[in-house]
Amino acid sequence: MMKEELETTNRPDNTAFTQQRLPAWQPMLSAGIVIPGFVLIGLAFIGIGVALFITSQNITVLEKDYTGVETTSDCYKCSNPSDKNCTCKLEFSLSNLFEGPVFFYYGLSNYFQSQRSYGASKDEYQLSGDLDYFKTPISACSPYQYDANQNPIVPCGSLANSMFNDTFKLYQIVNGTKKLVPFDGKGIAWWTDYNIKYRNPSVTPLKNAFNGTVKPSFWSKPAYELDTSDPSNNGFVNQDFLVWMRRAALPDFRKLYRRITEGDYARGLPAGNYSLEIAYNYPVLSFGGRKKVVFSNVSWMGGKNQFLGIAYLVVGSLCVVMSMVMLIVYAKFKFPEDD
Amino acid sequence: MLRRRLNRLFGRDERKVDSRTIYVGHRPCPATEALIPPKFCDNRIVSSKYTVWNFLPKNLFEQFRRIANFYFLIIFLVQVIVDTPTSPVTSGLPLFFVITVTAIKQGYEDWLRHKADNEVNKYLVTVLEDGRRACKESEKIKVGDVVEVVEDETFPCDLILLQSSREDETCFVTTASLDGESNHKTHYTVPDTERNLESLSATIECEQPQPDLYKFVGRMHIYRNNQEPAVRSLGPENLLLKGATLKNTQKIYGVAVYSGMETKMALNYQGKSQKRSAVEKSINAFLLVYLCILVSKALVCTTLKYVWQNRPGQDEPWYNQKTQKEKDTNLYLKMFTDFLSFMVLFNFIIPVSMYVTVEMQKFLGSFFISWDKDFFDPEIQEGALVNTSDLNEELGQVEYVFTDKTGTLTQNNMEFIECCIDGFQYKYADSGTELDGFCVTDGPGNILQQKAGREKEELFLRALCLCHTVQVKEATGQGDGVADCVEDQVDGVMGLDGETVGPADLGGFIASSPDEVALVKGAMKYGFKFLGMESKNMRVMNRNNDVETYELLHVLNFDPVRRRMSVIVRTKSGDTMLFCKGADSSIFPRVRQEEVDKIRMHVERNATEGYRTLCVAYKLLSREEYDQADTGLREAKLALQDREEKLMAVYNQVETGMSLIGATAVEDRLQEEAAETMEALQGAGMKVWVLTGDKMETAKSTCYACRLFQRSTELLELTVRTLVDLGRKREERLHELLLDYHKRAVQDAPPIKAGVTRSWSSANQDYGFIIDGATLSLVLNSSPDSNSSCYKSLFLQICQNCTTVLCCRMAPLQKAQIVKMVKNCKGSPITLSIGDGANDVSMILEAHVGIGIKGREGRQAVRNSDYAIPKLKHLKKLLLGHGHLYYVRIAHLVQYFFYKNLCFILPQFLYQFFCGYSQQPLYDAAYLTMYNICFTSMPILANSLLEQHICMEVLMDNAALYRDVAKNAMLGWGPFLYWTLLGVYQGLLFFFGVRFLFSNPALQDNGQVFGNWSYGTIVFTVLVFTVTLKLAMDTRHWTWINHFVIWGSLAFYMFFSFFWGGIIWPFLRQQRLYFVFANMLSSVSAWLIIILLILLSLLPEILLLVLRKPRGPHSRQKKPVVQSGEGETQSPRSSARPLLMKTFSDESNTIL
């Protein structure tokens, strides 16, 4: 309290910044800029919307449910979960050429891949080929961490365990004979997943790396036998596995199964009758789920999606309409004030 | 005696005893059988809050008492304990950071307080102990110690003056650091004490400590060898206050009566409690709303989760089996932990970072005040000082301004302007010092150019020279024997003849009131010099350079009720004369009426010109009259009971039947631009109250000069004078007056419409209210019956309907009381106090915002203020410019923060419906953490520092703009609802827009599908762009910093996303975002949906902006371009706006 002096501040700097006088641009969203702007944006959006809409219209999609809920369905017989190794057929015919390349998806509904505990139930160190984690998987994998005999499960966790295991074979019926449509199982997973993120342990043969581990309980064969024909598609870098491991965002989802790009079908599926043979393994009825297959071709915008085109058209026309309204409002009320 | 001792035995009751007994020098006194050492507190001053030991717990406790900190602590603990979707680090780290920084800051501040305390407490003082002089630390002084103080030292505690080195048994002190009065005050030793202090045996009985600086009652019993103890009365003139400084006196001895926290200074010191701004209260209110939103979201999710799980097959589908532990957990416990998990998941809706950003904005923003060169005063070489940054925005919300008068509105620099002798006006012109130099300007009416008789003139000037309590300042810097030196000098001057200026050189006078100095100096100009006192004689040098000597018999001191003072002197020739000067209202009734009329005119004219006027009268006392008065005065002075009343009675009796000689006019110069500033404040809708310790007349004239009172203002006066006019009980009269005024000002006032409430320019009758300290205490703490509260509310209502309220004769604490009363009244208006002296400290501390004026002397106010400015005129820019901008900035900052977190978390909430209510975060942990810290924090911070929605000059020119933001307009529930709805709209749009896109997740031209992280990343990208662009749209003032930060943070977001997703991070277990962002950008559909959603969410805002009516000519833009085109009359604004500024509006003006 007896301190008499505070240090004296010198004359403040006379700079634009300290005096809050920095040169500044002061935009005004006035009618003069907004109305033409809105018209332009609106027209651009309408243009994009039209393009999107037409593109989307041109995409052909064939969607078939094969859960087997209806008794008329061939797969009805397989819908009993106790029934193992059941196969059923799904027949359809195309009246026109289904333009290629055709993408073959499987779809599941009411299936919550997005659940937190489900999504967290995997060991990414294990999946990147770290052998340490083959012995001791992360605890998040529980209850698929160890089996009843305390053997580590590889790949561990619910996500891997529940991998989709229905398999499909598509035949074209040509003159009563079944002609196999060749499927391309490559390029269905993200390039980075396949090449970088997921790695097999660098052990040859791959089988040895899995010594002392057990396969996930739901799997019929261990990871190193997922694709015995192609070592680059085996183990953790099996593309079906990778596709499954990329969790879907919504409970109704589809995942890419195969591409039809080869042989006679490179240009698409010609008109005719087809039969899809399904190895029906994956139970969905217990939780009220549905399974479906989807044939679709894609465009620059991806798969068929009417929403985007319509949304663009709506917003675009909204902009144009609003600019009209604004023009009227301004013409009526603002002119006298402006001068 | 016995009772007192009993009381002391029950130590605790001491407070209730109305007096304390002090043994001078701790010596037992014959009258008391045994010395019972009374227990008084020690002389330690404690202003610090913490000690080393209690700092950590106490500080932590105080910090976690803040609702927000506590909330974050809870969230952190939940994250530690429960299995939650995000890691504890995400909330623990920011919380730890905030707590630590605050603790360090507060610790440092307390360390400074400790240092200041120590400086006072460890100060070495000399104490007389058993005849020896001993050095003691100030804190060890005990009540009863005899303390020695030398010149220019401050008194270490409240002392009764026993002995002074001056011969006339007086000493001078200045109380600049106590009540702000820098003049020298005379204090007297207790009469007839022995010169030998060692043998002095005395007790002092005095009242218990009380904060009133000007009141002290006590008596001293002096015991001499077996004689009957002599009793001396003690008054405030004997008491030296702690904090005052000894001046012009070599040394004094005094006995400590009050020590430490019981000194009057400490009692007047109010702890500097933390001030909270109204914005902070709004934040807390919004916080509660968001907390409710948060809890209800968590509740909804928890409920739905269990409802949903009850459906067959959903609780535990085969693909997502529960662990054994989960199965074993109790259902209700599970529900509870689920609830907590949801809380944690959504807790980002109330971000820690908002507090950090708000603090940073306040801290950095306050620099603009101290940097402002307009606040720089070349005289004192200083600019504005910011002591707290917490209240920047409060400067834009002020409704009541409480200003001190002396030194704040006025310069406290009196100047003699003119006088009027016997009805003739004399205006001093600089040309000469002779009376002939008087130039008669406008005499009243027909007697123009006439002068009063020479005799009258001389009588008048003698009266001016004699009727005062002024001391001649002794030559300083000459060390010892000051008094003698002066005598010599005076003699020397007398020896010379003519023009040499005497010791009473300009500024050579010491007086308790600057008016008196001005008057004495005024007399000097006309040839009469006051040369000083010589023992009991006043010496005056007249126009012929002869020294006249007058024996000073009595001084009838000034007091605010009588409002006059007199001296009784005896001339050489033996005549006894009484000279009296005082306010016209108190003199006129006591003089002959025919004299009054001649002078009244002058007085009234001078008063309306804002001068302080005094009337001078005299009276020849006959021997009988004098003897009667003399005995009366002596008796009254010794009375212990009702001394003041008795003195008053004698005074009134003596001061009658005088004859009026003339009147004086003294000007108290106003501060630069005081009137303009006050006008601007009133124009901005603020009500100005003047709180002063000064006399009513003076204060009133200042108010007129500052244009606070206009000619048309009707004054409602509630002062001691109006109360005692009638011979009735004060309370009755008070009641009556209050009701009358209330009727006039409140009930009869035309009902004011909301829009015009703050306009004073309307034709309504303006009311000014005047109240003085004594009456105020009657109003505030009158008898504890039911009336008092009624008075108070009546008083408040009257005040609120008055343009200006003037409170005079206020004690420091009363000032604070007034402020507190207004502060706590209905609607809790924001108050601002401005003052320069230590007597303003209490009100500065009490008001929401305290402003200190950096006067030339006394730093007390500055130190206790929140902001300090060099001059009153700076207040205008501080409030209208800075305050307005700060308020708008912080209000926008707060609203924006809540908004951006609402639309951040809403999609995450909606996502719960699509992930089985499993607390799956929509965004990656990095995004969750970085959103508030990196991606969206800098633009809003820059905006809230640099934004000028209206430029400073326009704000200053149009005071009315201040009303636009009054009453916390931008943080009301209306704007809050608007921002919240905007947030909800955008949140819904983000989520469902992407949701419909993902109805087919094959978004790339290679047919591959996107997963949940892609979903979240698209939403997040839209979110970051939208909230940033929304801010860009709100920005009216784009400096390069805004450009840099806005576009920079968007670029940073892109860069970060690439980088974060581009590398396998070795320390991360889950590479969830690996190449998600890059893949997203490779999809045309993702691009298109992002653009679409951004535009759609901003569309309503754009529309509102365009369709909103421009608000008046000065809404947000500068004046038309034409002006700058002319080039000649460059407005100050145009220099501030260089070429870069090219606005659309200009173009549109020409286009349309």
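Asn968(B) counts as buried, at 15% relative accessibility. The cut-off for buried is under 20%. The model is predicted. Asn968(B) sits in the loop between α30 and α31 of chain B. Its phi is near 55°, a positive value in a residue other than glycine.

Lys967(B) belongs to the loop between α30 (952–957) and α31 (973–997) of chain B. Phi of Lys967(B) is near 55°, again positive in a residue that is not glycine. Is Lys967(B) buried or exposed? Lys967(B) has a relative accessible area of 55%, so it is exposed. The cut-off for exposed is over 50%.

## Helix pair α27 and α28

Two packed helices are described by the angle between their axes and the distance between the axes. In chain B, helix α27 spans residues 874–911 and helix α28 spans residues 925–935. Their axes come within 11 Å and cross at roughly 165°. Angles over 145 degrees count as roughly antiparallel. Therefore α27(B) and α28(B) are roughly antiparallel to each other. The crossing of α27(B) and α28(B) is right-handed.

Which residues make the contact? From α27(B) come Phe897(B), Lys900(B), Asn901(B), Phe904(B) and Gln908(B). From α28(B) come Tyr927(B), Leu928(B), Tyr931(B) and Asn932(B). By class, the residues of this contact of α27(B) with α28(B) are five nonpolar, three polar and one charged.

## Cis peptide bonds in chain A

Gly100(A) and Pro101(A) are joined by a cis peptide bond, with omega about -5°. Pro101(A) lies in the loop between β3 (98–99) and β4 (102–109) of chain A.

A cis bond also runs from Val154(A) to Pro155(A). Omega there is near -10°. Where is Pro155(A) found? Pro155(A) is in the loop between α4 (132–135) and α5 (158–161) of chain A.

## Chain B as a whole

Chain B has 38 helices and 33 strands. How much of chain B is buried? Of its 1152 residues, 58% are buried. Asn968(B) is one of the residues that count as buried.

Now the contacts. Among contacts in chain B with a separation of 6 or more, 74% are between residues 24 or more positions apart. Chain B exposes about 47400 Å². Carbon and sulfur atoms supply 57% of that area.

Conventions:
Residues are numbered from 1 along each chain as its sequence is written. Chains are lettered from A and ligands numbered from 1 in the order in which they are written. This is a predicted model: local features need pLDDT of at least 70, side-chain atom pairs count only at pLDDT 80 or more; totals for chains, interfaces and linings use all residues. Side-chain values use heavy atoms; hydrogens and water are left out. Helices (H or I, at least four residues) and strands (E, at least two) are DSSP runs, numbered from the N terminus. Buried means under 20% relative accessible area, exposed over 50%, partly exposed in between (1.4 Å probe, protein chains only). Contact means heavy atoms within 4.5 Å. Accessible areas come from the Shrake-Rupley method with a 1.4 Å probe; for residues, only the protein chains shown count as cover. Axes are lines fitted to C-alpha atoms, for helices over the stretch in contact, and angles run from 0 to 180 degrees between N-to-C directions. Angles under 35 degrees count as roughly parallel, over 145 as roughly antiparallel, 65 to 115 as roughly perpendicular and the rest as oblique. A crossing is left-handed if the near helix is turned anticlockwise from the far one by less than a right angle, and right-handed if clockwise. Ala, Val, Leu, Ile, Met, Phe, Trp, Tyr, Cys and Pro count as nonpolar, Asp, Glu, Lys and Arg as charged, and the others, Gly among them, as polar.
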